[in-house]
Amino acid sequence: MRAIRSLFLVVATLAFAACESTPVDPVDQTDALLKKGGNPGGGGGGEEPPIEFQSIDVGSGRGPGTISCGLDVAGKAYCWGYNGGEWLGVGATKGKGTVKEPMPVLGDLVFSRITVDSKHVCAIEYVGGAAWCWGVNVYGQTGTGSSETVLSHPTRVTGGFTFVDLSAEHYHTCGIVPDGGSPPGGTGMCWGANYRGQLGDGTTTNRNSPVGVTGGLRFVRIYAGSVTSCGILATGEAYCWGDNSRGQLGIGTVSEPHLTPVLIPGGRRFAAFAISGDSNCGLTSSADPLGSGRVLCWGDTDNGGSPTPTEISPGDAAADLPFKALVGRSCAIGASDQAYCWGENEYGQVGYGEPSAEIAVPRAVAAPGRFASIGGKGVHTCGIGLDGYAYCWGFNLYGELGDGSTRSKASPVRVSGQ
């Protein structure tokens, strides 16, 4: 049965990485509910059936606030990590404290997609496509219209919108409201913090409910970054907006914020983005001059980066191109399904086996190594292995790896409860 689940995870995740927006269909869990005893790597024993994850995402925080969440194959949400103010959505855990293993999110909602910031979470409901958010709300990043600073349980995003894509990061959230066209896509909507124009509505006014991204563009993928956001069109053309003080928009210049979308020039065509902090990356599509599966990065000009998308050296992945997916903070999946990561590694978040200084080029992630999907924006990383199990690595002071401990790990460890 685990092999069947693994096949489901690979198909679903690769469809997602190829910019498909059809929700993942929850799998019948009848046989899973009959399982007892779990497996050597997870909690799963006693009366609780083991969790079988279909996707996982992590927040970008470095201190209290770092969290992880995932969806099981039935679409049920689980979260773990730091639960100050009850922002995990799992209920009270002695007010403040760590949740070192996955706990179910309150309510009976079934989701098709989940996205995680350091302190807030949003998800798309499987039936109907409504967006629900919970967690810290000081800038309105839950989009619920609420003035509460923390929402301790999933609350529907205001406006009655449905979504086919959703991305939460650094106090704001963006999504796509579908127009019924093909491929699935539509209008970009954003909400939350807007002090650098990251909502794309032409202002720097924070919003506690969704506002449309200016320009009438039809997006098929959308990404909320630190103080920059980006969207990809069906053609593969990409537009970004927000902060550009370090060349984060990829337009070839360093400048003041752009409050509305601007095209990444040079004939670039993308299939996916990894939008995080000062440095952003994109995965080329077949329409790009380089062909498909190449990783270009830009930004971080204060540290020698370029404001123009520039191909990175493939590093360990030189014989495993083209990349089939760009995921998380700065990770990619090669043609063989081997995962590769790069960037900051002080807590082992690159995952190759030991903490170190920053890794400039992709390094192969240690065993199990082969992944269907990965999520990671900050100092820890998680993914779904081809064996069907969820793994995490990196920073773990607040239990965000979900393995029942608070010790950081430089290699993948299996999340408890599976």
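Guide: Happy to. Let's begin with a term: a cavity is a set of grid points where a 1.4 Å probe fits but cannot get out, and its lining residues have an atom within 4 Å of a point. Keep in mind that this is a predicted model.

Visitor: Which residues line the second largest cavity?

Guide: The list is K76, A77, V105, L106, G107, D108, L109, F111 and P154. They count as lining because each has an atom within 4 Å of a cavity point. The volume of this second largest cavity is about 40 Å³.

Visitor: What classes of residue make up the lining of the second largest cavity?

Guide: There are 6 nonpolar, 1 polar and 2 charged residues.

Visitor: Speaking of phi, what is the value for E86?

Guide: Phi of E86 is near 60 degrees, which is positive, and E86 isn't a glycine. This residue is in the loop between β3 (77-82) and β4 (98-104). D337 is another non-glycine with a positive phi, about 80 degrees, and its place is the loop between β22 (331-333) and β23 (339-343).

Visitor: Are E86 and D337 buried or partly exposed, and how do you know?

Guide: Buried means under 20% relative accessible area. D337 has 12%, so D337 is buried. E86 has 26%, which falls between the 20% and 50% limits, so E86 is partly exposed.

Visitor: And what makes V138 exposed?

Guide: Exposed means over 50%, and V138 has 51%, so V138 gets that label. V138 lies in the loop between β7 (131-136) and β8 (150-156). Together with Y139 and Y195, V138 makes a nonpolar surface patch of about 270 Å².

Visitor: Now for salt bridges. Why is the contact between D243 and R196 called one?

Guide: The rule asks for a side-chain nitrogen of Lys or Arg within 4 Å of a carboxyl oxygen of Asp or Glu. Here the N to O distance is 2.7 Å, so the pair qualifies. The partners are 47 residues apart: D243 is in the loop between β15 (238-242) and β16 (258-263), and R196 in the loop between β11 and β12 (207-212). D243 is buried at 4%, whereas R196 is partly exposed at 26%.

Visitor: How do you know that E237 and R269 form a salt bridge?

Guide: Their closest N and O atoms are 3.9 Å apart, and the limit is 4 Å, so they count. This pair also links distant parts of the chain, with E237 in the loop between β14 (228-233) and β15 and R269 in the loop between β16 and β17 (270-275), 32 residues apart. E237 is partly exposed at 21%, and R269 is partly exposed at 22%.

Visitor: What makes D316 and R363 a salt bridge?

Guide: The N to O distance is 3.4 Å, which is within 4 Å, so the same rule applies. D316 is in the loop between β20 and β21 while R363 is in strand β24 (residues 359-364), 47 residues apart. Both are partly exposed, D316 at 40% and R363 at 29%.

Visitor: How many salt bridges does the structure hold?

Guide: It holds 14. R113, D165 and R221 are linked in a network of them.

Note on methods: Residues numbered from 1 in each chain as written. Predicted model: local features only at pLDDT ≥ 70, side-chain atom pairs only at ≥ 80, totals over all residues. Heavy atoms only, no water. 1 Å grid on protein atoms, 1.4 Å probe; cavity = no way out; pocket = protein on both sides within 12 Å on 5 of 7 lines; lining within 4 Å. Points joined across faces, edges and corners; volume = space filled by probe spheres on them. Nonpolar A, V, L, I, M, F, W, Y, C, P; charged D, E, K, R; others polar. Patch = residues over 30% accessible without salt bridge, like charges linked within 9 Å, V, L, I, M, F, W, Y side chains within 5 Å. Areas by Shrake-Rupley, 256 points an atom, 1.4 Å probe, with all protein chains shown as cover. Helix = DSSP H or I, 4+ residues; strand = E, 2+ residues; numbered from the N terminus. Buried < 20%, exposed > 50% of the residue type's maximum accessible area, 1.4 Å probe, protein only.
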